Amino acid sequence: MADLTAISTWTLADVQHFGRRAGFGLNPAEAATLQAQVPSVAIDAWVDGTGAAYDATAFTAALATADVVAEPLVSANTTVAGSVAVPAVAAPHPFLVQGADAWRNNLNTAQALLAWRMQHNPHAFEERMALFWHNLFATGWHKVNNAALMLKQFQLLRSQGLARFDDLLVAISKDPAMLIWLDSVLNNASGANVPNENYAREVMELYSLGADNGYNQADITQLAKALSGWSFTYGEADYIRNPANPNQKFPADARFKVYDGTAIAPDTRLWWSGTATVSSNMHATGTISLFGQNLDVTTTANGWAKGENAVRSIISARGSSCAQFLARRLLTHFVTTGFSAQDLADVAAMIQAANFDLRAALKALFKSQYFFSAANRHALIEGPVSWIVRAARMLCPSLASAAAQTPRGYPAWRLVTNSATTFDEAGMKLLDPSGPNGWKEHTAWLNSNTMRYRAKLAAALTLSETRTYNSVAYPLFPAAVTVDWFPTAPTSPQAVYDRLVALLQPAPIPAAVSSAWLAALWPATFTWDTAAQTKARELAFLILCSPSGQLY
Amino acid sequence: MTTRREFMQTLGATGAALAGLSACGGGGASSSGGLPTPTPTPTAPILVIVNIDGGYDWLNVTPPNAGANLGVYQTKRATLGITDPALLTDLGSGMALNKDLLGMEALHAQGRVAWIPGIGMPNPNLSHFTTIDLWGQGAAVPAGTGWLGRFADTAFSPTGDVLRGVTITADLPVMLKGSGRTFVAITSAGGYVFPAYLLSTSTVPDAALLETGWANALSASSTDAGYLAGAQAGRLFYDAQNNPAFGTGGSLTARTPTVPYPGDATYPVLKLNGTALSSSLSSQLKLVAQMISAGLPAQVYFSRLGGWDTHSNQAVDHPNLQRALGGTIKAFHDDLASITTSAGNAQDRVLILAYSEFGRRVQENNGGTDHGTAGLSFCVGKSVKGGLYGAYPDLTNLDANGNMKYTNDFRGLYATVLERWLGQSAAATDTLLGASYPRLGFL
């Protein structure tokens, strides 16, 4: 059984385990600070983001100059009337993808923004949890075709990721990117129309219950009717035109609306040429039968949308299946894949007892003896995005230090995501999974191709690679070995190794391997000179690429 | 605006041009009785899997064109149905071929296509992911490994043969996972080496040091699945990049395709809106051709074309996808004729197997189709005895959810390929699949 009683004390290794799983790692100094606190108090603050350590003021301010890559000029499209060139934007500047920049619709920029946030957000848990939900509610840019709306969804995952699960499920069901992704906007079940089942199927199979776990095909059809007409509107002000080609326009924002024939003024749907004042009528009326219960999907209460009661009934009528589904996903991402049926049942029971309050459930899980048990240490293969972000957190300058540098000491994430190192080839195309099932975790992260690209990412980070973009060479991951890695000069090869292991925190590396590495790198006398510092970079590369370096 | 019919009339001309590109045709026989004799199974056969990902609406690829099935189809596909004879070629037995599946009409006329309608499984599941998993495992009693992974377990050397199974995808599909062996994933022809820095003569031999970590892990007594997965992935990468087929700089010898592929500027057919077709599958099969040409010892390749989950916008997306799918398979088949290695001519050696996890609901929704059951697989090659294998599902006798009842067990297709293409004995084939499934007569 999973021992879910809370720990009362913790070791430095415990704290580092917690930091890797519930965030993107803690360096030895950060871990020591946290270890000085009572575990339950520290974990509550970590999850809630309360206290000075998680203050976002400097982080938020730094976003204004977070992108270190200069944005080139966009030439006017001379065949389109009203086109004007968009001037180059000197670095540093914000990531140009949201608000007035929505027209740029650049996936790599959006990915870079997320990577930067994961690296520098003092409230790392917020980003880690959003990443977890992104894999679960996997939505893809290639169909949504709007980076700003994708980021809007990611912000929803941050802000609601610790809400009650039924509220989160309703919120994601109303999210514009999701409404596009699984065809809700085209689900018309008014009158004799045949509903589009896409979202109804996946919301149960992938987002709340698991395949064949408490529903059947009839439930899918009925839920599709309940959610028919779920769509959104844009305001005119939301349209952001590409100045260099005004024919291209992208909504920077959108608002949920059930298309039931009622007025929508002053907003208009994107493809309605800006004059419609009434939504089309796509919503089914009357009563549906879901999980054997009759639900009125026409009248509303509690401020709910028409049909929202059907989404909520997934949890209220199938609580046990839903809790089991969530337990499986949470365990697989945060604890281990080696859980027993009893472990799963124990965690599911805890979630149900918490009334699907995710904040309470996550806190209980993270404080548990089970989470900290020795068998679960380094028991998971880390996904490639958090893997490289964690390494960057450990090896690159801190936010305060990087923000004070000229040029800024941030990684050129914008080039990491669009060059030969891409997240795509490493096996996790952030914001653009190929399907709504997201990415399989643990051993499924690794194959010969993803390992090849992990090696490229590791090389870019540890070996100080640069990438040239528009004739400017940018360091991909700026870091100084002497300042950032070894503030205290090591006096032996073993000291170099120990410090790097303390930073990168791989699973135990067999002594035969580490000693072979050190013997090859430093066959003779050790001096902490430039050559040795280069070798330290190579050693960091070897650790990151080793089998142990994939586990966390 | 060009109508579909006008477009198809235009296509008639370009289709002929495409047929003319076939460098090694079988004589262009097109009437019954005039088909060329299939070539014997080659000594070094290659299997190229084309995964039609998302559950394709094959009812619109090879729609019924006669009898009661046609009546049902016309009713349930009132908007999306393909019934205009100008858009179709008759395949016989009440089944037609949508001309949007470019090139397949010509290959069919040459007797090089085996059509297998109604392929599926008992107790069908309408979930993509459950069904993909079952298609991948291909076993009487699924136990986690894939049918081609189990083939690799028995056929490939435990320590060598690194490049004998290759997937051109960034992921490793369950179909290719064995209990001991797995496939190499290679997505590009160039730079398949460690970062140049590591091979620099000015530093210690870092690539070898890296390999120390991986090799040691594999030889150690660890039983940790994660640790071993890291070691195996690294070791496969290391060994593959050491293969002589990857030359200087870790790159395959460059190769220019001898025919245009969909997505190429010179390819004569475009999407409905006049833009280039998807080059996704083209890129993958061009790479396969390049690997065969470079002498890679691969016996099985896996490729994938996604986007077929047409719950909506099917009238636009589906023709575009079919053009890319059919056009790419035809281009690849033609292109292979120009490749001859010590193992023989590539067109003689390659069998293409196309499959999808399921077909789609007979009744359309508003603009699309939802998940269904039985599918259509097809195999293309010079050794194939062209024609229809199995029965077209009876559209007047659907299941309780309005889906087709399968007529062909998918594992029979696997059995046929394992025994008659990949050289497994009948007994070994049955062992690999966990039961004996009837073989299909196309090989």
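**Note on the predicted model: chains A and B**

1. The contact between the chains takes 51 residues from chain A and 48 residues from chain B; two residues are in contact if their C-beta atoms, placed from the backbone, lie within 7 Å. On the side of chain B that touches chain A, the elements giving two or more residues are α4 (128-137), β6 (184-185), α7 (206-219) and α8 (225-241) of chain B. The largest share, eleven residues, comes from α8(B). Helices (H or I, at least four residues) and strands (E, at least two) are DSSP runs, numbered from the N terminus.

2. By class, this side of chain B has 24 nonpolar, 21 polar and three charged residues. Ala, Val, Leu, Ile, Met, Phe, Trp, Tyr, Cys and Pro count as nonpolar, Asp, Glu, Lys and Arg as charged, and the others, Gly among them, as polar.

3. This is a predicted model: local features need pLDDT of at least 70, side-chain atom pairs count only at pLDDT 80 or more, and totals for chains, interfaces and linings use all residues. Residues are numbered from 1 along each chain as its sequence is written, and chains are lettered from A and ligands numbered from 1 in the order in which they are written.

4. Chain A has 26 helices and eight strands. Its radius of gyration is 25 Å, close to the 24 Å that the globule rule gives for 552 residues, so chain A is as compact as a globular protein of that length. The radius is taken over C-alpha atoms, and the rule is 2.2 Å times the number of residues to the power 0.38. Along the principal axes, the C-alpha atoms of chain A fill a box of roughly 85 × 65 × 45 Å.

5. In helix α3 (residues 39-48) of chain A, the buried residues are Pro39(A), Ala42(A), Ile43(A), Trp46(A) and Val47(A). They lie on the same side of α3(A), because they cover an arc of only 130° around the axis, the arc being that of the directions from the helix axis to the C-beta atoms. A residue is buried if 20 or more other C-beta atoms lie within 10 Å of its own, exposed if 12 or fewer, and partly exposed in between.

6. The buried residues of α3(A) pack against α1 (12-22), α2 (28-35), α6 (124-136) and α16 (358-367) of chain A. Just after α3(A), Gly49(A) has a positive phi of about 70°.
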